[in-house]
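Dear colleague,

Please find below the structure that I am handing over to you. My notes on what was found in it follow directly after it.

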Amino acid sequence: MSGDRMTCDCGGLLDVVHDPSPASILGAEAWKRLFDHRRRSPSCPADRSGVWRFRELVLPDLAVSQLVTRGEGNTRLYDASCSPRANAWMGTTDVSFKHEGENPTGSFKDRGMTVAVSWAKKSGAKIVACASTGNTSASVASYAALAGLTSVILISEKGTAAGKIAQSLAYGAKAVMIRGDFDTAMRLVLQARTKLGLAVMNSINPVRLEGQKTVIWETLEQLGWDPPDWFVVPGGNLGNCAAFGKALREAYDIGLIDKMPRLAVIQAAGANPLVLSSRDGWKRHTVKAATVATAIKIGDPVNFSKAVRALGWTNGVVTDVTDQEIMDAKAVLDSDGVGAEPASCATVAGIRKLVSKGVIGRDQKTVAVLTGHLLKDPDTTIGYHRGTLDGIVPAAPNPPVVIDPTIDELRRVLGA
Ligand SMILES: *Cc1c(COP(=O)(O)O)cnc(C)c1O
């Protein structure tokens, strides 16, 4: 594949195919030993990275010296004992949370970005660019800084979460706010790719998805390679859905797992093109997106076909949840002291819905992927607890109280 090619002559997206196949290089047990051995490497940052310790299965073309890495991945898997309130709310007993908000810039995007930026640098790119709902831009900005490349981010003038804008500015990206939504920005960055020669770091870039596969492998490793019944993830541009399906399929083909987990993709009701498509023979749908969960406010997902393929490989399901459900789910998960940004919490609301419909069993082993950190979008969290979010009635608000600094006032508000 040439350095900046994204699409096939047929108009579809490109896919990374590993040749020779990993299964022909080592047996499953030898792969597992190698990954585990690297994780404990005292000296090699690439070995300790939650992406690059799987490097033969990610992008073997790059030498260790060419990797632009911050030791991304290695995020916690919180078992059900860490989230009793969320599990009770969902009606489940065995949902664990893989917290990708614990990556260097606070979202799973870092796992793809270390690969995309390493590849762009090796290919001689000077300027890396993305359209973004916010987290991609923070990640691009950070990894470009590490690689010594210039970064340009195209974000919507309205609705991008404060934490994400702050990161992008702080890490030194050229921030371009456009009068339009994410889908408009996406179309513009693709034009800029051909007309201005920018290297595009969106998940349309197939090498980024190779990095995102490691969310799945790292989780399986944390579970002792005993696969869960379900992986549940929010769906925006559907890069994760595509990458997770490919990761599971490859893990199965190599023999790392002997059973195929099912994928469940959760969209916001106001940004649900995949759900509409699932009800219409998988014909491609687009919508004008509207949701409080800005990271999944996407109406025309670029990875649509790969996502449909992934759902086929994993006997997957899709559903959608309202903004009210997303924010109530978030409040419950936050109250466990785990917490995540709104889009991530679509998974929590989605699991509750799928359990109530009998699709996910109450006691089935399920891993929900939390895609971004709670602090990415503080305004939405505070707005929920203050009751100032448009159209949302908080089920469990925890607003701050203001008092004069006297012990009597304090006693009064504590009800003591
Ligand atoms: C990017 C992002 C998503 C959407 O992921 P896709 O792979 O585009 O479906 C969901 N949640 C958060 C926090 C994100 O940053």
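A residue is called buried when its relative accessible area is under 20%, exposed when it is over 50%, and partly exposed in between (1.4 Å probe, protein chains only). By this scale Trp 282 is partly exposed, because its relative accessible area is 34%.

Some notes on the source come next. This is a predicted model, in which local features need pLDDT of at least 70 and side-chain atom pairs count only at pLDDT 80 or more, while totals for chains, interfaces and linings use all residues. Residues are numbered from 1 along each chain as its sequence is written, and side-chain values use heavy atoms, with hydrogens and water left out.

**The ligand**

Which residues are closest to the ligand? The shell around the ligand holds 15 residues, and the closest are Lys 109, Asn 135, Gly 236, Asn 237 and Thr 371. A residue counts as near a molecule if one of its heavy atoms lies within 4 Å of it. The shell divides into 5 nonpolar, 8 polar and 2 charged residues. In this division Ala, Val, Leu, Ile, Met, Phe, Trp, Tyr, Cys and Pro are nonpolar, Asp, Glu, Lys and Arg are charged, and the others, Gly among them, are polar.

An oxygen atom of the ligand lies 2.8 Å from a backbone N or O atom of Asn 237. A polar backbone atom of Leu 238 is also found 2.8 Å from an oxygen atom of the ligand. In the case of Thr 371, an N or O atom of the side chain is 2.8 Å from a nitrogen atom of the ligand. The ligand has 380 Å² of accessible area on its own, and the protein covers 97% of it. Such areas come from the Shrake-Rupley method with a 1.4 Å probe; for residues, only the protein chains shown count as cover.

**Two residues with positive phi**

Most residues other than glycine have a negative phi. Leu 238, by contrast, has a phi near 70 degrees, a positive value. Leu 238 is placed in the loop between strand S7 (230-234) and helix H11 (239-254). Helices (H or I, at least four residues) and strands (E, at least two) are DSSP runs, numbered from the N terminus. Is Leu 238 buried or exposed? Leu 238 is buried, because its relative accessible area is 2%.

Trp 282 also has a positive phi, near 60 degrees. Its place is in the loop between helix H12 (273-278) and helix H13 (304-313).

**Other positions**

Thr 75 lies in the loop between helix H3 (45-48) and strand S1 (77-78). Thr 75 is buried, with a relative accessible area of 1%. The side chains of Thr 75 and Glu 100 make a polar contact at 2.7 Å. A polar contact is a pair of N or O atoms within 3.5 Å; within protein, one must be able to donate a hydrogen and the other to accept it, and residues adjacent in sequence count only if both atoms are side-chain atoms.

His 99 belongs to strand S2 (residues 95-99) and is buried, at 3% relative accessibility.

Gly 180 is found in the loop between strand S5 (174-178) and helix H8 (182-196). At 29% relative accessibility, Gly 180 is partly exposed.

Yours sincerely
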